[in-house]
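Please look over the sequence and the structure before reading on.

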Amino acid sequence: MATEYPHRIALLGLGTIGLSMLAMHLRRPDTSITVYDPRPDYESQIRSTLPSLLDSPNPATLIDDLIRTSRLKLATTLPEAIQNATIVQEQSPEVTSSKQALWKEVAGLAGPDTHLWSSSSGIPASAQAAGCEAADRVAERLLVAHPFNPPHLMPLIEIVPGPETKAESVEFVKKYFGDIPGPGASAGAGSVGSGGDQAASQHYRPITLHKEIPGFVGNRLAFALLREACYLVGEGVVSAKDLDSLVTASLGPRGIGAFLQKLAPTIQNVWGELGQVDIEGDQAWKDLVVKQTEDAYGPYTPETRKKKEEMLRDVVEMQKKKWGEL
């Protein structure tokens, strides 16, 4: 029975991030996961995608084996998904009102001590909890556990508590993700997450932000670079392909104090003139950036996704060998 597992997760939303999160959670041997998505085809998505995310040696039988051993349950309603859950994690659309409505419904179904996690890319927990009844204690249990795409490979988890989130909830989520084995772990139905060496067990790197800020930190940095990159390509300063080479072949370690002192005038000059782009109103630069990127690398297909994930694995494994020494 699912109640034999100490961590019983209700995973709400099975899009790209949700499926990858499902693979991540299944690497722990002490979890059972009940999934729910209102889309009628979500089971077929799980069956076609999950075995490859887990590198299963038995892809044809993996899903049925997981269901048979109570590691995985496919719910048809939200109440069914949340029943007996110790953790509820949502991957709903990035719309504040939708998340508020979801947590209000979840609060009426989940137990009083159930951990509440959002995979949001930028909506703070305090905004999501707004509108919930104080007696439901959503604000003190809810936090953002923001994964980076694809979560089953990328090590970073941004933990963003709200101002009312209890400290013990933050410590729990940090330990939970820190203990998930990496991609080298076994992928059998009865032993998902039970294999792997010490390096694999230290794969995930949860970090905690000290205050809420829209977009959190990882995306704010990425969006800042993306904005300037789009501006430079849109203005014809550099091609998308050469800009990619600039990023991958130029950024190296620097002593921050000497760097800021030596280049202070240039940095201030550039900071004052960084490009402004209108992501909603101006279509011209978007068309140009997309065309140049696809001309250089081709369209994003299942084949290119697989190749990029293989490259990501290599990069992450290299980092794991060295990052702890820095």
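His115 counts as buried because its relative accessibility is 16%, where buried means under 20% relative accessible area, exposed over 50% and partly exposed in between (1.4 Å probe, protein chains only). This is a predicted model, in which local features need pLDDT of at least 70 and side-chain atom pairs count only at pLDDT 80 or more, while totals for chains, interfaces and linings use all residues. Residues are numbered from 1 along each chain as its sequence is written, and side-chain values use heavy atoms, with hydrogens and water left out.

- His115 belongs to strand 5 (residues 115-118); helices (H or I, at least four residues) and strands (E, at least two) are DSSP runs, numbered from the N terminus.
- Apart from neighbours within four places in sequence, the contacts of His115 (heavy atoms within 4.5 Å) are Thr86, Ile87, Val88, Ser169 and Phe172.

**Helix 2**

- The buried residues of helix 2 include Tyr42, Ile46, Leu50, Pro51 and Leu53.
- Viewed down the axis of helix 2, its buried residues fall within an arc of 145° and so line one face of the helix, the arc being that of the directions from the helix axis to the C-beta atoms.
- Just after helix 2, Asp55 adopts a positive phi of about 50°.

**Cysteines**

- Across the whole structure, a search finds 0 disulfides, a disulfide being a pair of cysteine sulfur atoms within 2.5 Å.
- Cys132 counts as buried at 15% relative accessibility, and Cys230 counts as buried at 7%.
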